[in-house]
Amino acid sequence: MPLKDYLSALRILILDADTDNDNSESRRLLLSKKLPELTTTELDDLLKIPAEKIDIYKRTVFGGESTIVQNHYRYSIAVIKQFFPEVYGKSFDLIAAIKQLHTSLPWKSNQTLEFSANFYRFCLDTYGLIIEQQPYLAELLQYEFMMLNIRRAADSDSTLIFDLNRFSTNQVSEILSKQMQSPVNSCLLKCRYDLLQIISFYRQNNIFPTQIPAEQYYFGLGRNQKKLPVSLKLAEFEFTFCTLPQLLTIEEYASAFFAVNSEVDEVAAFQLALKRLQELLSFGVLGIID
Amino acid sequence: MKNFNLPVFGAGAGLRHSHFEEIIRTKPAFDWFEVITENFINYGGWARECLSEINKFYPLIAHGVGLSVGSTDPLDLVFLKKLKTFAEEINSPWVSDHLCFTMVDHTNLNELIPLPFTREAVNNCAERIKEIQQITGKPFLVENVTRYITVSDREMDEAQFISSVLEQADCGLLLDLTNIYLNSQYHNFDPYEFLNKIPLQRVAQIHLAGSRINDRGEIIDAHNAPVFPEVWDLLKFTLKTTGPTSILIEWDNDLPPLDTLLKEVEICRAVLKEVCS
């Protein structure tokens, strides 16, 4: 079937072959080896295509894809770019990385989310030496991938409420008995590095710190009122609270809050608990079942 | 038959995320917007919310970049069913995509790659377009693409290829005049002769765009500048045959303020008035 071979040949010429030093003989050998059913006439058509014109497609394909990952993994790519020369002795070339990505994890659908998932896996597999030196890179990649998923995920038809003020006319006891759950489009991360602080440091200094102590951090990722992805640092008890399999009430959250804030008097602690809970709700990390 | 018997919406622009909030806030004088389907199908969140809001005030038309109309891979039936649902949700009167391929051997090239102008490619495209129209339940328009290469023109030229697909699939044409202009520059042909060879009565929508010379001294189809003056002339020529048609300004890179897009849209309106009134 010549049409399929034509198209496959173009895929090979654009994605696989190095046309920088192309000549018709090398192209003839490449295509006839990979697509033995191509006829002489079809091969002649394909050999007539100037290498510099194929190069335009290479640039638009790989350039377009590098823009996608730069939008989705802004911070992770900046980490790789910063530490790549130290680890590999040369500058980081994103276009070369995208070419390599195509070979190791071909993009199989028309969904950019799949391409970005491939890039995440590719970085973990390929930049092990950087991750060894700057272990937060693996967590940053995961964080950015999850933020992307939260940004893009289909809307759920849940009727969760994200504002305590909606219950302003209810009795306190009624409010406290309301149950909560983690929304579909939210996610919890347990990390060894304070990713939000690392990102903030980069935003201020345009560089990542080199020595970062590992501890234990918890993050909640969700959608805010405008349905944009947002994240905040969680206390350990909040992470535990959100990961429990059963539905818990506002009262149970307040009790857990009191337990770790025992130095604050009860009235003030209650107000602080509700204020904090409102924050978790507005970050879409928890929602109230009405 | 005019406009492939489809409604005419006036002058619009491609809807881009960075303009969403301003459009919702200021409701600028665009007649309609075109929506890239792959940016919305399967997705929710802020962008989808904005789209619903914008759709309350403007007609939206679904335009795809990933159906891979000319591919030999099977059509993505799951995606097509979602496209049907999406087109119904936004009340799109038709759906469109490009006369090219973007996937082959189950690999996405993420670019509009031209097809060989062969009888086999015509048959393949026509069969697939019929299936797309059947599944989506909407009229389908194919868009002529920019092509930096000629894969094969032994059996027919591009104008014959486009015409054959349109007739055999019985679909509409999304006529990209910028692509014709650029192709005429790349492949040294007369764009007016080209327009005379294709069935303009099937044109239901027109795309216009411009590009700056890049740092290699090339003009590629970057959609990052005002419409080329030569393309306005091609528009006037085309409208003499098609009559009033839905026209769209495409601007995807180095996105300007909405006012700049509106100025382009106002030129479209002036041309429509000059030629068609």
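This is a predicted model: local features need pLDDT of at least 70, side-chain atom pairs count only at pLDDT 80 or more; totals for chains, interfaces and linings use all residues.
**Where chain A meets chain B**

- In chain A, 45 residues are in contact with 46 residues of chain B (contact means heavy atoms within 4.5 Å).
- The two chains bury about 3900 Å² between them, 58% of it on carbon and sulfur atoms; buried area is the accessible area (1.4 Å probe) lost on putting two parts together, summed over both.
- Between chain A and chain B there are 22 residue pairs in polar contact, both at pLDDT 80 or more (a pair of N or O atoms within 3.5 Å; within protein, one must be able to donate a hydrogen and the other to accept it, and residues adjacent in sequence count only if both atoms are side-chain atoms).
- H4(A) gives the largest share of the side of chain A that touches chain B, with 11 residues; helices (H or I, at least four residues) are DSSP runs numbered from the N terminus.
- By class, that side of chain A has 21 nonpolar, nine polar and 15 charged residues; Ala, Val, Leu, Ile, Met, Phe, Trp, Tyr, Cys and Pro count as nonpolar, Asp, Glu, Lys and Arg as charged, and the others, Gly among them, as polar.

**Salt bridges**

- The whole structure has 27 salt bridges over all chains (a side-chain nitrogen of Lys or Arg within 4 Å of a carboxyl oxygen of Asp or Glu).
- Six salt bridges are counted between chain A and chain B.
- Asp45(A) pairs with Arg154(B) in a salt bridge, with the closest N and O atoms 2.8 Å apart.
- Within chain A, Arg276(A) forms a salt bridge with Glu238(A), at 2.7 Å between the closest N and O atoms.
- Arg276(A) lies in helix H14 and Glu238(A) in helix H12 (residues 236-243), so the pair ties together parts that are 38 residues apart in sequence.

**The cavity**

- One cavity of 30 Å³ or more is found in the whole structure (on a 1 Å grid over the protein atoms alone, a set of points where a 1.4 Å probe fits but cannot get out; lining residues have an atom within 4 Å of a point).
- The largest cavity holds about 60 Å³ of space.
- Among its lining residues are Leu99(B), Phe117(B), Arg147(B) and Glu158(B).

Key
Residues are numbered from 1 along each chain as its sequence is written. Chains are lettered from A and ligands numbered from 1 in the order in which they are written. Side-chain values use heavy atoms; hydrogens and water are left out. Helices (H or I, at least four residues) and strands (E, at least two) are DSSP runs, numbered from the N terminus. On a 1 Å grid over the protein atoms alone, a cavity is a set of points where a 1.4 Å probe fits but cannot get out, and a pocket is an open set with protein on both sides within 12 Å along at least five of seven lines; lining residues have an atom within 4 Å of a point. Grid points are joined across faces, edges and corners, and a volume is the space filled by probe spheres set on the points.
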